[in-house]
Structure formats: structure tokens, C-alpha cells
Amino acid sequence: MFANGLGTKNFILKKLFRLVTLLLAVCVLGFVLMEASPIDPVTAYVGADASVSGEQRALIAEKWGLDKPPVERFCAWFGSMVQGDWGMSVIYRRPVLEVIGEKFAASLLLMAFAWVLSGVLGFVLGILAGLYEGRLLDRCVRGFCHILMSTPAFWLGILMILVFAVWLGWFPVALSVPIGVLASEVSLWDRLLHLILPAVTLGVAGISNICMHTREKTVEVLNSDFVLFAKARGETRREIVKNHLIKNVSLPAVTLQFLSFSELFGGAVFVEQVFSYPGLGQATVQAGLRGDLPLFMGIALISVVFVFTGNLIADLIYRRVDPRIG
Amino acid sequence: MKNIFFKGLRMSALYLLTALLLLGSAGCGNQAGLQARAERIERNELVAAIGEEPEAGFDTATGGHGAFTRVIFSTLFTRNKDLGWDNDLAVDYQVSADRLAWTVKIRQDAKFTDGTLVTAEDVAYTFETAKNAGTDIDLTMMKSAEAVDEYTVRFNLNRPYSAFMEKMAYLGIVPKHAHGQGFQDSPIGSGPYKLVQWDKGQQVIFEANEDYYGVMPKIKKLTLVFLDTETAYLAVRKGDVDVAQINGVLAGRGGVQSTEAGTADELSKNEKQDGLAEGLKVIDLDSIECYGVCFPMAASEGRKTEDGVIIGNDVTSDIYIRKALNAAVDRQGIVDGIMNGYGSVSTTGLEKMPWLNEKTVLSAEEYGSLARAKEILAEGGWQDKDGDGIVEKNGKNAKFKLLYTDGMYRQEMALEFAETAKKIGIDVDIELKNWDTILPEIHSCAVLYGFGSGEPSELYNLYYGSGNSSIPWDNSGYYENEFVDECIDNALASADEAEALRYWQGLQEWASARGDVPYCWLANANHVYLTASGFSFGEPVVQPHGGRIFDNVCEWSWN
């Protein structure tokens, strides 16, 4: 274990080096892409508002430094970014880090809930489906997964609102706080209640992936020689599941779940939109569409770190659980 | 802009949702939500899902946020119900003989919500700050603003500009002494409400300003939530929200038929209840949110803009083509079929505006007639000789492209336009663009626009030809008529809007379907709201693009 510990340290250092190079690449690439996109930030800002003259547009471009050549702008942005000043968001007219901080906190909670939910539920359903391969339960689970896969997240969201908020009245329709209530009177329970529906939507939308993979793996394990051997030894079905199946199946499931950070991020964009949940997803779309370069770059960098962390954790767990990898 | 990304998918989802709602609307009670609404009515409180969140905050001096200004700020002037001018903070104004100085006296009893008086100093500061902020508030015509005495402010212009009144009605006055870091989050104004809390990305809570100098608002606590249209619709049904801005498609479920568009005092006519859950109604407000097709007016002679964009189109530059299309398109069909009746016919783009030249309005007999359109084409020498269904002239087929952008009703209208064109032998290809990708073809293809600022100065943007501005969608068809330009120059150089009026009306003699036909105007899309049945907007003005729904926020009430 100790020898392995040293290896892990080197491994992490190596990974960190890779992260830094990756971030540098994202900085350059992100900037180039934004530069190459046909979206003109000034146009995106004033929209098709006809009352803003060309003269005023030039003034706006000057205020934002858009009249300078791209390389100069990149250097200025990169220089201050490294020193901790990520610039001002054009849309929110606030420092980028402040905007991301606010939004990311809300998104993180949402994603954490959804992530655990999709992991646990997907895993359990996957094992059940695998155990009853070809039977009714299996067919139901598979059908469920296929439907979910082909359902856009925002539509699922609207459906959830319709059923659980409007018809049944169990949950609030949208937002993360009660409508019209002062912050001082909002309880933790209120916040939780507002979190459930979007989190379940996001979670359910992510179930199918892990569920289908787990099912495949379960079938594979059940058909393996060692399970046959265990059966021959007289182990009951329950014992086989407990002793052999779960261990073997959980490894790929856990990996997959950590690798799904990026999809979680993508799904959150849609779910936040429908539930008007004040998270990072919505800000990402806006930043892209409206050419808010500082905010866009900030979000890109943060999400790289986020997804990278997920992958790193998956790698570390692999090494821990399966000593053959190292 | 907000939902552009999702629109295509969304429309189909919307219809599915509508179907589901019809299935499920019977017998599903949600008492808690309705109970909460009843309590709000009791306390004169309102929750509304109207407008998009001003993400940058509530600082009027460093960025416009349209209709919201009226909730917490005062302006110098305001548009009244007849779209003339009323005083807000101002009590009197004078324009100098050379038209370069506007002197405005303001009232002496207006207070900011921190208790200080609104002075000329604050007004001058607001305008100076806005001018230098480099935002979407365009004050390039203003040289400086200065306080003459405590309650008199003078604006010095660098050119005569009669539409300066529009700017004075747009800028909410901020207090100089309290304007600084963090003002956008906790603004101080002198309007009917004060901001109590802003949950970013979600809602703003306002309370009535007890010190307000104007008519006290009837709703004492106003919460504005920022929801998706579909979500807002559901929230009203549940009882969480009392008023939501929706659209004709959502409102049209339940087979509501078109009604005559009424003026504000006939409002009850426009309130529809059939097919809706109990306790809800649809309020349908007239608007000047006008859609129209802009034609390239010049022949294509290899002319290009500075950016190398080709100007002109050989088909649309023929006036008979433009006239024929104007005669052919069935506007009423568009209003009924596409807007579910929540709209009104437009042939001028200026319906209900005081600066409309009534003589240029097409009567119902003058459009929607394929026979008349074909006659016009024949008159112009357009004939289908090769029998392919498309007319031609001098060996050139009547074929052009119509560009449209994402947005409510736009695709449907473009399709309808092309269908109609086909019936009279004109081949129109439609193509979806966004405001950036549209640029390379904007001067050589027809473009479907939505206009309607509700200000006369928009005529400048639509039709001013000489010294074409650097904004591509200002007169993108390169319409050039010296008489029109002269009228616009005279209108802007007038002392004020009253004097400018005859010029604004005069130019329409040419810039209309009766003149050079630079546009084929189609329809105004009404602003549609789903509300709890006891709610009333009072008497709102005709709604421009972006809305003036908050202009009479003090009149909103439960009855």
C-alpha cells in the first residue's frame, strides 16, 4: 500500500501538469473560437435595437477594448487572469469570478443531488435488469432507458412540472427560492423543496447511461466462469450477487459515473432553463450567444477543472479498487 | 435572444404540452396554490412573470433595461395613453431658438426613496454618466447636461434633434450622492416602487414607495419572477403566479377565436375565458410589434458596401413585384391562422401611432387578392411564357430569397409569404439566419423584420437613405428617395415632436405601399397575458416591441 502511495503521488503530479497544459490550450483555443465565431459582441449586446446609432456602437466597442487587435486583447486578458482578475462580465456587469461563484454554488448542489440519484438508481436498476435478463422487468427497465435517452431534458422538465407541481401540487413550479418571500424568511426546507424537482429531472435524464452499462456488465459477469463455479459450489443467488456481482460491476459503474461530469454539466443547461434555476448552465449559454468573452472563458476554464477532477477521481478509484492498475 | 437556442425543439414540445394540458385539465385540483393567491389578493399583492431579467442590475445610468425603468425610477417625461407626452419629473420645458438647448424645469416635491429631494444636479449627473458609460443608451447627439439652478436643467445638443424627448422619457434619474459601487444591486429611485430584494436569475421583490409624488400604486407588493414562457404558463395555472406574458399559441388552446382588436377601454372584449381553467383569463393588448418584409430596392449593379456586401436585387427592385406581393398577401389570414387571432393587420408598420399617415393605409379590399396581384404583374410586363408557373420579364425569372430570423411567428410568416408569392407566380426561397449570419446577404435579399419601438424616430432607421448608417439593418433594402430624406432631416431638426409630426407623416407618401413600396408589412403581434380572473392592467398604452407594460403599473389592481 505504501509503495503504491508514492506511485499515487507521482501520478497526481503528472496529472496536474497535464491539467495546466490543458488549461493553457483551452485559453488559446477558446479565445480563437470566440474570435472566429460570427457573433459580434456589440451587436449581440444591443440586439436589433434600432435606436442605437453607429456612432454609439463604436463608442461601446471602444469601452470594451474591442477596437484593439485580437493578440493584444488576449495578452491583456491572459495577463490579468493569471493575476487573479478574470475581467468583467459584459452581460452581468460584474467581475467574472463573482458571477461564476454565485452560479456555480447553485449548480453544484443541483448536480450533486442529480449525480447521486442517477448513480444509485441507475446502478440498482441495471443490476436488476441484468439479473432478470430477457424477463418482463428487464424489458421494462430497458424500455424506460430507451425512452429517457430519446427524451430532451427540457421536455422531461416541463412534464415533471406539469405532473408533480401543477396536477399534484407537491412541489413548487420553478426557481430555487419561494416566490415573493424575503430571504430572511426562507427556510432550509423551502430550499430543499425547490431543489428536488430539477434535481430529479437532471438525475433521471442521466440514469439510462449508467443503467444500460451496468446491465451489460451484470449479464457478462453472470455468464462468467467464476459465477458458474460459485453456483457449482452451491452459493445461492443472493450470495452470488453479494460476493461476486456487486464488486465486479461497481468498478465500471463508478468510473462511468465520474466520467459523466461533463454530461451532467450539459444536462444542467437545459434543466436550469426550464426551472429558471439560477445556475451556471444558463450563464454559459448566454455568454456564448452574446459574445461575453471574459465570462465565457471563465466558465470554460472552471468546467475544464470540474470535468478533469471527475476523471482524476475515477482514475484514483480505479487504482484503489483494482490493484492491477497502477 | 434568450431562448433562441431552444426554439425549434420547443415549438413541438409546446404543442405536445398543450395536448397534455387539455387531457389533464379536468379534475386536478391544487388548492394550496389558489389559497395562496386568494391571500395575495386580500393583501393587494401580485406575482407577475413579465419581461426578461435585467441581468446587469437596476442602474439606469449605465444601461437601459427597457420597461423596468418605470417601476422604480422616474423619468423627465413619459408617453401618455395617446402616445403624446406627459410630464413626469418635468413641469415645463423650452427649446432654444437654435434648437440646440433644451431647458427643463423639474418638480420640487419628488423624493428618492432615501428621503433626499430629486434635483437638477441629479438629472444632469444621470445624463452625463449615461453618455460616458458606453452602453446601449445612445446620447451621441447630446453635448452636455448641466444644472442651471436647483430645479432647472439644461441639455446642450450638438445638432438639432427633435426626438430628444424620447431620450428624456427613457432615462431613469439616479441620485448623484448614492450612485456608486453596488447601486445596480440595490438601486435608489423616485418611482412608484422601491426594490426590496433581488434574487439574481429568479425574482425581484418591490414594495410600494409611500413617498411617491404621483398616483399611489394599488398593488402594494409586486414580485416579478423570471420564468420560461411555458413554465410561467404552468405557474399561473397552479396559482404560484398571477400574471404571465404568454403567446398566441399558448393562449389559443381551447379554440379561442379571433376577436376584433380593441382599444384599451374596450378591454373587457379582449378578455377571453373559454377553454381555460376556472379563475383564469387571457388579456390581449394591442401592440405595434410589427412584422414586415423589407425589399432590396436597388437593381443589382455590382454595388457593394465597404464590407463588400452586395447591394440590390433585380427582381425586388421592380416596383410591380413589390406592389403585387403587397396586394396578394392575406394579412387577416396571417392574424387568424398564425397568431390565433392575437394580432392585427398591418399595411404600414405604423398602425395606431399618431404619426401614421392615414392615407397610406391599405383597405381590406386592397390586399389578399391574388387576381389583383396577377393584374399588377401583367401590367409590369411579368408573364409566365415558359409555363413553369413562375413569371418572367426580359428573360429573368421572378425569383428571390427571403431571410428570416428565429423568433415567435417568424418562420410561419415567412412560409405564408412564400406560399402566397408562389400562387401569383413569384418564387420565394426562405432561409433561416441569425443577426450575424444574415449580414452577407442582407442588402441583396428580402428580409423579414420585426419593428415597433413606438417612437417616430424609428422612421429614420427604416427609410433614411443618404449617408446610409453603419448599422446593416437600418434601411437594409437601400431605399433611397431624396424627398423622404429631406422630410426626415426636417423632422429631426424640428423644435419638438409636435412640429416634426407633419414631416414624419409627409414622408410616408413615398415610403409606403401607396408610394415606392419599400416594405410589405404583414401584421402586429398582440401582447398576450394569462392572468387570474380578478386582475386588471388598468388602461395600458399600445405596446411597442419590448413593451411599455409597466408604464401604468400604478393602475394595476385586483378587483
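Start by selecting A:Val124, which sits in helix 5 of chain A. A:Val124 counts as partly exposed because its relative accessibility is 43%; the partly exposed class lies between buried (under 20%) and exposed (over 50%), using a 1.4 Å probe and protein chains only. Helices here are DSSP runs of H or I, at least four residues, numbered from the N terminus.

A quick note on what you're looking at: this is a predicted model, where local features need pLDDT of at least 70 and side-chain atom pairs need 80 or more, while totals for chains, interfaces and linings use all residues. Residues are numbered from 1 along each chain, chains are lettered from A in the order written, and side-chain values use heavy atoms, leaving out hydrogens and water.

Next, jump to where the chains meet and select A:Arg94 and B:Asp185. Their side chains form a salt bridge, 2.7 Å from N to O (the rule: a side-chain nitrogen of Lys or Arg within 4 Å of a carboxyl oxygen of Asp or Glu). Three salt bridges turn up across the interface of chain A and chain B.

Now colour the whole contact: 58 residues come from chain A and 67 residues from chain B, with contact meaning heavy atoms within 4.5 Å.

Last stop: B:Asp496, in the loop between helix 13 (482-493) and helix 14 (497-507) of chain B. What does B:Asp496 touch? Leaving aside residues up to four places away in sequence, pick out B:Tyr93, B:Trp102 and B:Ser162.

Note on methods: Helices (H or I, at least four residues) and strands (E, at least two) are DSSP runs, numbered from the N terminus.
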